[in-house]
Amino acid sequence: AKGGADNILYGSCFWQLAPEQALVIECDRPDADYWGFTIHTMGWLESADFADRQTSLSGHQMHFDRDDRMRVVLAHRDPGVPNWIDIGGRERGLLVYRWVWARNNPMPEAKVVDIDEVRSCVPGDHPVIDDAARRKSISHRREVTWNRFL
């Protein structure tokens, strides 16, 4: 038996990033009822701290550019883009994406760049997220997580 749910399409990649590197993932919008990206630790494949760090993004949280593509960035520090996934100081890990009840299967493309080159990997009108906006976003994550476990 294959295992896993037959209505979910999964994909993953292992990453290893130096402190000044970023993994930039670009992908078309999936046509799915639910989907998202999340990172996991090596060894035990545990979810990272999703309450206090932006370690996952669902389709509802994802920013899309005018070309209807998403750009997701894994990095040690915040590069100021909406779809940043904070790797929390981990040198390596696993990124998993899943499309649930999907009607298509877009394939993400990834490349490692210097973190200072991230802005050159996104369209010119891609939003800039400053420290205040990031703090507000993390505060909201914390509140939602707290409510989830009440």
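I began with the largest pocket, which is lined by 26 residues. Ser56, Leu57, Ser58, Gln61 and Arg141 lie nearest its centre. I took a pocket as an open set of points on a 1 Å grid over the protein atoms alone, where a 1.4 Å probe fits, with protein on both sides within 12 Å along at least five of seven lines; lining residues have an atom within 4 Å of a point. This is a predicted model, where local features need pLDDT of at least 70, side-chain atom pairs count only at pLDDT 80 or more, and totals for chains, interfaces and linings use all residues. Residues are numbered from 1 along each chain as its sequence is written, and side-chain values use heavy atoms, with hydrogens and water left out.

Next I looked up the pocket's volume. About 720 Å³ of space lies in the largest pocket; the volume is the space filled by probe spheres set on the points. E3, E4, E7 and helix H1 (131-148) each give two or more residues to the lining. Helices (H or I, at least four residues) and strands (E, at least two) are DSSP runs, numbered from the N terminus. Which element gives the most to the lining of the largest pocket? I found that H1 does, with eight residues.

**Antiparallel sheet**

I then traced an open sheet of four strands, in the order E1-E7-E3-E4, with antiparallel pairing. Two strands pair if DSSP finds at least two bridges between them. E1 (8-16) and E4 stand at the edges with a single partner strand each, so one side of each has no neighbour in the sheet. Neighbouring strands here are turned by 10 degrees against each other on average, direction ignored. I noted that such axes are lines fitted to C-alpha atoms, with angles from 0 to 180 degrees between N-to-C directions.

Nine bridges join E1 to E7. Tyr10 has Arg98 in E7 as its bridge partner, and Gln16 stands opposite Arg92 in E7. Eight bridges join E3 to E7, also antiparallel. Thr38 has Val96 in E7 as its bridge partner.

**Mixed sheet**

I looked at another open sheet, with four strands in the order E6-E5-E2-E8 and mixed pairing. E6 (84-86) and E8 (109-114) are its edges, each with a single partner strand, so one side of each is left without a neighbour in the sheet. E5 (residues 69-75) and E6 run parallel, joined by three bridges. Leu74 stands opposite Ile85 in E6.

**Aromatic rings**

How many aromatic pairs does a search of the whole structure find? I counted five. Rings of Phe, Tyr and Trp (its six-membered ring) pair if their centres lie within 6.5 Å; planes under 30 degrees apart count as stacked, over 60 as edge-to-face and the rest as tilted. Trp35 and Phe64 are edge-to-face, 5.8 Å centre to centre, with 75 degrees between the planes. Trp35 lies in E3 and Phe64 in the loop between E4 and E5, so this pair ties together parts 29 residues apart in sequence. Both Trp35 and Phe64 are buried, meaning under 20% relative accessible area with a 1.4 Å probe, protein chains only.

The ring centres of Phe37 and Tyr97 are 5.7 Å apart and the planes are at 35 degrees, so this pair is tilted. Phe37 is in E3 and Tyr97 in E7, so parts 60 residues apart in sequence are tied together. Both Phe37 and Tyr97 are buried. I found Trp35, Phe37, Phe64, Tyr97 and Trp99 in one aromatic cluster.

Last, I checked Arg29. Its charged end sits over the ring of Phe64, 3.6 Å from the centre. For this, CZ of Arg (or NZ of Lys) must be within 6 Å of the ring centre and within 35 degrees of the ring normal.

Key:
Buried means under 20% relative accessible area, exposed over 50%, partly exposed in between (1.4 Å probe, protein chains only).
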